[in-house]
Structure formats: structure tokens, C-alpha cells
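The entries follow the order in which I went through them.

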Amino acid sequence: MRKKIIAGNWKMNLTLAEAVAIAQGLVSASQTSAHEVMIFPSALHLESVASIAKGSKLIVGAQNAYQSGLTAMTGEISPVQLAELGITTVLVGHSERRQFLGETSEFDQAKISYFLKAGLRVVYCVGETWAEREKGNTFSVLEDQIRKGLKDITSDLFANLVIAYEPVWAIGTGKVATPVEAEEAHAFIRKEIGNLFVGASAISEKIQILYGGSVKPDNIKDLLTKPNIDGGLVGGASQKLESFLGLLK
């Protein structure tokens, strides 16, 4: 049975004091939660938050990293540097990086391949825009992102891969895919992973697929009842301790 994950993506939000306070509150909650609990703080807060989570079940991940060891790459973070902080989980392909920073699925594939081979756990984000959904292109967009982003990823590396389905039109808008709509997309993603190569169907049944897009304490329960939804990648509701704890109930 796939374990549920509740992951908080804090994006470019929270002061250091706020990030520390939430992390402190989540340490004890993570110890007793039936779910895996993850947080992705701002890069500037990683060291402080990771030190708080050390020795607990709270998983601290990076919102971004570059696919290289230590090298001349201004403004980026190496997995080597993350490892020094005990951080072994990283987001790849978030819609904001695709939309505003020009990241492509091909570029994400290079990241995913490098990170998985380096022993990191990757949360790979996929999802369509409202315009793409209105044109009936949701599945073709997801197929393209899965096939390009996971191209040539070998079967032995999928154990450290998590997928997050984020309909772009639902991120920070207050809109949310209905549980039926989200389940439909998740089931499609799982099927597409199963079609990547011979033997991938067994892998697809084990991979965790999260829903992201205006997830809140009042809708998380209905989403998690669906058979292919294995948790949430949460934005705004993860940035206050009270609402984050509400997601874990």
C-alpha cells in the first residue's frame, strides 16, 4: 500500500522566524502522523529548518537544485551542498519554474536523471494550464511532460521518484479540481508511467502521485479517498502551522 504524503511548498514566502516556528511545530506532528510530512523552505532557510528537523520524521527538501557537483554556476545550488545539510529531496518542474523561468521537460529530465543517480529523492511536477484544459489537451500535455521528463530513467531509479500533478489553473487561485477530475488525471499519469517501458506497469502501481492546487484542510480528505491520489503538494495552507496540522488530521 502506498503511503500518503503531505508536502508543503513554501515558495518565496515566510520570514526565517516564521519558517522556524512552523518547522518546530511540525517536528512532533510528523512523529505521530500516518503520513509522510515534507516541507520545502526557501533556500535561505534550508540550513535552519534542516537543523530543527534533524533526527525527526519531518523531511526537508529543496525547491530547486542544479544537476552538477560543485562548479561555476551562479545562483544555483548543488546536491553536494544540500547533502551537507542532510537534505536529500528536491522539487523539479514546478509550474512556476516552467512558466516564468523557461524550464522545459527536457531540462527537467536532465535534473531528474542526475538527482536520482546521485541518490536524491525527486518530486517531479506536471500539469496543464487553463487554456490547455479548455482545449481538451489535459491528457496530451501530461503525456508529453511524463514522456519527456522521465525519458531514459531506468527502472531501478523509480523508487526515489514522486510525481505531483498540479493543474496550473488551480495553483493559488482558490479553484480546485474536483476529486473526480483530480483522480482522472492521476489515473492517466499512472497509466502513462506504466507505458514507459517493459515492466513499468508494476513500478507505476508503487509510485506516489500527489495532487497540488489550492489544497486545504477542508478538501484534503475527499481528495485522499481517491485510489490514485497519494497525498498533496500544498502551497498557501502549508504556510501556517494551524492549517498545516489540519491537513494531517
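Accessibility first: I call a residue buried under 20% relative accessible area, exposed over 50%, and partly exposed in between, with a 1.4 Å probe and protein chains only. The model is predicted, so I note that local features need pLDDT of at least 70 and side-chain atom pairs count only at pLDDT 80 or more, while totals for chains, interfaces and linings use all residues. Residues are numbered from 1 along each chain as its sequence is written, and side-chain values use heavy atoms, with hydrogens and water left out.

I looked up Asp152 and found it in the loop between α7 (138-149) and β6. Helices (H or I, at least four residues) and strands (E, at least two) are DSSP runs, numbered from the N terminus. Asp152 counts as exposed because its relative accessibility is 62%. Its phi is near 65°, a positive value in a residue other than glycine. Leu14, in the loop between β1 and α1, also has a positive phi, near 75°. Leu14 counts as partly exposed, because its relative accessibility is 22%.

Entry: strand β6.
Is β6 enclosed or open? Strand β6 (residues 161-165) has five of its five residues buried, so it is largely enclosed by the rest of the structure. In a regular strand the side chains alternate between the two faces of the sheet. In β6, Leu161, Ile163 and Tyr165 point one way, Val162 and Ala164 the other.
I then checked the pairing, which requires that DSSP finds at least two bridges between two strands. Strand β5 (residues 121-126) pairs with β6 in the parallel sense over five bridges, and Val123 stands opposite Val162 there. Strand β7 (residues 208-211) also runs parallel to β6, joined by four bridges.

Entry: nonpolar cores.
A nonpolar core is a set of buried Ala, Val, Leu, Ile, Met, Phe, Trp, Tyr and Cys residues joined through side-chain atoms within 4.5 Å. Which members of the largest one touch the most others? I found Leu150 and Ile163, in a core of 60 residues. Helix α1 (residues 16-32) gives the most to this core, with six residues. Apart from it lies another core of 11 residues, among them Ile5, Phe40, Val123 and Cys125.
For contact I use heavy atoms within 4.5 Å. Leaving aside neighbours within four places in sequence, the contacts of Ile163 include Tyr124, Val126, Leu150, Ile189 and Ile193. Ile207, Gln208, Ile209 and Leu210 are also in contact with Ile163.

Entry: helix α11.
In helix α11 (residues 241-248) I list Ser243, Phe244, Gly246, Leu247 and Leu248 as buried. What covers them includes β1 (5-9), α1, β2 (36-40), α10 (217-224) and β8 (231-234).

Gln145 is in helix α7 and counts as buried because its relative accessibility is 8%. The C-alpha atoms of Gln145 and Val126 are separated by 6.4 Å, with the two residues 19 apart along the chain. Not counting residues up to four places away in sequence, Gln145 touches Arg98, Ser105, Tyr124, Val126, Gly127 and Leu150.
His94 lies in the loop between β4 (89-92) and α4. At 6% relative accessibility, His94 counts as buried. With neighbours within four places in sequence left aside, His94 is in contact with Asn9, Lys11, Cys125 and Glu166. I also took the C-alpha separation of His94 and Gly55, which is 28 Å for residues 39 apart along the chain.

Entry: the largest pocket.
On a 1 Å grid over the protein atoms alone, a pocket is an open set of points where a 1.4 Å probe fits, with protein on both sides within 12 Å along at least five of seven lines; lining residues have an atom within 4 Å of a point. Grid points are joined across faces, edges and corners, and a volume is the space filled by probe spheres set on the points. The largest pocket holds about 510 Å³ of space. Of its 19 lining residues, Lys11, Met12, Gln63, Asn64 and Arg97 are the closest to its centre. Helix α4 (residues 95-101) gives the most to the lining, with three residues. I sorted the lining into eight nonpolar, seven polar and four charged residues. Here Ala, Val, Leu, Ile, Met, Phe, Trp, Tyr, Cys and Pro count as nonpolar, Asp, Glu, Lys and Arg as charged, and the others, Gly among them, as polar.
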